[in-house]
Amino acid sequence: MDIRNNTGARPKFYNLEYKEREPLKELRINKDTRIMKADKGSTIITVDTDKYSKAIKDMLADLSCYGPVNEKIILNNFSKIDSTLLDLLWQENINNETYIFLKVEHPKIARFFGIPKIHKDKKKSTI
């Protein structure tokens, strides 16, 4: 055995057979289908992209649950939090370790991610 050709890389191990992997590859390429982890358990689901988009838009249209947010207000709130943390540090109400732990260096505005509900009875499924 020639050790110069041994890269140390392990051979690929697949937990699926080739005939099982190929349809998964095709699903990943298909933009009409979304592959998602279900909200409970370890189930993987496939969802029609158009139906998923419609369900998400319907959810976001419910103004009793969701509403538009002004980005400037959020960034202003981050500034207020930073100022309050700094005041707490100066007043010695928190120590430097706590300040560093609580301070967010690069705050990000949350993004919406939705997982459709799935049911065992396909007739009752929301998507």
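Me: Which residues make up the largest nonpolar core of the protein?
Reply: In this predicted model, the largest nonpolar core has six residues in all. Both β2 and α2, the helix of residues 49-61, supply at least two residues of this core. The members are Met36, Ala38, Ile45, Val47, Tyr52 and Ile56.

Me: With which residues is Ile56 in contact, leaving aside its neighbours within four places in sequence?
Reply: Ile56 is one of the residues of the largest nonpolar core, and the neighbours within four places in sequence are set aside here. What remains for Ile56 is contact with Phe112 and Gly114.

Me: In which sense do strands β1 and β2 pair, parallel or antiparallel?
Reply: Strand β1 covers residues 33-37 and strand β2 covers residues 44-48, and five bridges join the two. Within this pairing, Arg34 stands opposite Val47 in β2. The sense of the pairing is antiparallel.

Me: Which residue in the hairpin of β1 and β2 takes a positive phi near 75°?
Reply: The hairpin has six residues between its strands, and those strands are the ones that pair over five bridges. The residue with the positive phi near 75° is Gly41.

Me: What pattern does the protein follow when read along the sequence?
Reply: The protein has four helices and two strands, and among the helices are α1 at residues 18-29 and α3 at residues 71-90. Read along the sequence, these elements give the pattern α-β-β-α-α-α.

Me: Is Leu60 buried, partly exposed or exposed?
Reply: Leu60 lies in helix α2, and together with Met59, Tyr66 and Phe112 this leucine forms a nonpolar patch on the surface, with about 320 Å² of accessible area together. A residue counts as buried under 20% relative accessible area and as exposed over 50%. Because the relative accessibility of Leu60 is 36%, this residue counts as partly exposed.

Me: How many residues apart are Lys54 and Asp58, which form a salt bridge?
Reply: The closest N and O atoms of this salt bridge are 2.8 Å apart. Lys54 is exposed, with a relative accessible area of 53%, whereas Asp58 is partly exposed at 43%. Because of their spacing in helix α2, the two residues are separated by about one helical turn, and that spacing is four residues.

Me: Which side chain meets that of Asp82 in a salt bridge?
Reply: The N to O distance in this salt bridge is 3.3 Å. The pair links distant parts of the chain, with Asp82 in helix α3 and its partner 21 residues apart from it, in the segment after α4. Asp82 is partly exposed, with a relative accessible area of 25%. The side chain that meets Asp82 is that of Lys103.

Key:
Residues numbered from 1 in each chain as written. Predicted model: local features only at pLDDT ≥ 70, side-chain atom pairs only at ≥ 80, totals over all residues. Heavy atoms only, no water. Pairing = 2+ DSSP bridges. Core = buried A, V, L, I, M, F, W, Y, C linked by side-chain atoms within 4.5 Å. Buried < 20%, exposed > 50% of the residue type's maximum accessible area, 1.4 Å probe, protein only. Contact = heavy atoms within 4.5 Å. Patch = residues over 30% accessible without salt bridge, like charges linked within 9 Å, V, L, I, M, F, W, Y side chains within 5 Å. Areas by Shrake-Rupley, 256 points an atom, 1.4 Å probe, with all protein chains shown as cover. Salt bridge = Lys/Arg side-chain N within 4 Å of Asp/Glu carboxyl O.
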